[in-house]
Amino acid sequence: MTAVPDVTENPQTYDRLHQVLAAGLRRQLLFGVCEDEPLVQVLSQRLTQDLETDDVLLFTIPWDVTDPKLLATIASVLQDHPYLTQATNPPILELRNVAQLTRQPAPIQQQFLRQLRSLGRHLPELEFNLVVWVNGPWLHQIQHSVPEFWRCHTGVFPFASEQGIRPVGYLPPRPSTPSKEGVFPLVTLAGQWESGPDLEALVQQYRERIAQGETSRAVLDQAILAAEQWLHQLPAQALAQMVDLFNDLGNFYWMRSRRQDPAPSPDTAASIAPARVDLEKALHQYHRALQNIGAGPNTADTYAMLHNNIGAVYSDLAQYCDRCENIQQAIWAYEASLSHRDPERDRAKFGASQNNLGTAYWHLSQHQDPLPNLKAAIAAYHQAVAQYETLSDWANWAMIQTNLGTTYWMVAQHEPQAEYLEAAIAAYCASLTHRTPDADPLGCATTHNNLAAAYWHLASDRDRDPETAKTDLLNAAQSYQTASQLGHTLSIQNPPRFVSFDFPTSYHNLGIVHYQLATESRIPFTPSEKLHHLNAALQAYSQTLDFLTPSTDLYQTTVIGIVQAIRTCYELGGIDGQNRALNAIPGTLLPQILPQLKG
């Protein structure tokens, strides 16, 4: 049996979830809350192995996030796998990848919510338990949009990497990649073919449909079938002319890999995920294209295109196997692509490949040689920024500035020097000149959340002079305020839009920063100014609790923060200060808060 990593950062939460699932109860609806999809996979694997020893079966529902049909899928699972309902203990069905709905159009998200509503009506009749893995925004969305389903839940289990009374929940987001070749590598060459006119026309039709955005699983399946059939009909001497067809087929496989279930099918003996199979097929087609490139005026462009596409595939393949080796292969491919790029002639593609290279170095830094790889990422990002600035492509320019900020922040974790945090702050601030609330509210919220963490980190430097530290904390508070309010506003739009961070945690962090402003001995605030920041902390904490349930760790952490703030109000303002503080929190909290104040 393959060893599964221990979940040492969340041992108590994991143990509680395991105990509930192993108890043999029926009709349990449990929510696992986690922002990190790879960690969800680790947790699922660990649960599967641990529950086997308890004679409990856990089965992952193979649903399609692009076309969520939960009731039909669950019915099919139970019909195709009768052993699940014949087991001694009720089986556990597991719904993963809900967070991926964020990247789907609003109608798909609404379809999913309607499916949950229907499922909620049937839960009392069903003889299995259900575990639904969500991130914070989707937990909030289900609570408010599908209350009949939410009322059936019997437990919420939050998994986070940081907990405690300080800014929590800040995990630098993975730098994003521009929507150029690295994300959508469908780049074709003009060409004419002399055989198979019917298949040629069919493949051309699919190529055009896919290039226009029709990338459903069904369309990709048909495009691959048509292209493969055409290749089999071509004579050997014609293959040299088929570089663009090999490239298209590689693109079709690459795009289909992103429509596949990332886990191996549980009902087969195969241990290789279908997505990984498609990625390996994509690589094979790209290499066939490289082998058939002839001499010509566009040869350099063709090499650059194919190597960039190969880099994109290796980057995805790293999620499934040989992580460091595949990321290194991606880096070599991007560097090969850049060696054939002329920035003066095609700045957009040169900038895209530089950004892809920077992102690959960033990912490699998470697994080996962090400092040299992070600094290599910074060098590549600066090259990309220069190209997009020349092109006045401010959307990509701002996105890469955010990548730069995140990378400088990571360097500061290894070399704790103020200059790296200041560079991160400068990059985030540059990004925000174009990532405004009106032009790009999602990017604006995410960048402000990262900027706030950088300011807070900088303020924690004990060598920083008091006035500068105060300014850093005030800036952190302002950015947390913007990030949390934007995240909340976007989540209640119709249709809702979700940020990539947990905005309730940002409200919590805002409370922490205000509390620190009130209690930091280096900052010479008057008692009234300190009380002002304590009241701001209480307001932020109260906003945090609006989005949490009492069973979550962050809820309990926030209540502790409220008690601390009220006690400090009493120390500064006596009984009047304490009473004003108590009036600033929801009355429903008083039965929980008052006994702790007496302790």
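User: How many bridges pair S2 and strand S3 in the parallel sense?
Analyst: Residues are numbered from 1 along each chain as its sequence is written, and side-chain values use heavy atoms, leaving out hydrogens and water. This is a predicted model: local features need pLDDT of at least 70, side-chain atom pairs count only at pLDDT 80 or more, and totals for chains, interfaces and linings use all residues. Strands here are DSSP E runs of at least two residues and helices are H or I runs of at least four, both numbered from the N terminus, and two strands pair if DSSP finds at least two bridges between them. Leu58 sits opposite Ile92 in S3, and for S2 with S3 (residues 92–95) the number of bridges is three.

User: Is Glu344 buried or exposed?
Analyst: Glu344 is in the loop between helix H13 (323–339) and helix H14 (347–365). Its side chain makes a polar contact with that of Arg347 at 3.1 Å; such a contact is a pair of N or O atoms within 3.5 Å, and within protein one must be able to donate a hydrogen and the other to accept it, with sequence-adjacent residues counting only if both atoms are side-chain atoms. Buried means under 20% relative accessible area, exposed over 50%, and partly exposed in between, using a 1.4 Å probe and protein chains only. At 61% relative accessibility, Glu344 therefore counts as exposed.

User: Which helices are included in what covers the buried residues of H17?
Analyst: Helix H17 (residues 418–432) has 15 residues and reaches 21 Å from first C-alpha to last, close to the 21 Å expected at 1.5 Å a residue; that expected span is 1.5 Å times one less than the number of residues. Its buried residues include Tyr420, Leu421 and Tyr428. The cover includes helix H15 (370–391), helix H16 (394–414) and helix H18 (441–459).

User: How many residues are in the second, separate core?
Analyst: A nonpolar core is a set of buried Ala, Val, Leu, Ile, Met, Phe, Trp, Tyr and Cys residues joined through side-chain atoms within 4.5 Å. In the largest one, with 105 residues, Leu245, Trp254, Leu306 and Val513 touch the most other members. The second core includes Phe112, Phe128, Ile142 and Val156, and its residue count is 33.

Terms used
Contact means heavy atoms within 4.5 Å.
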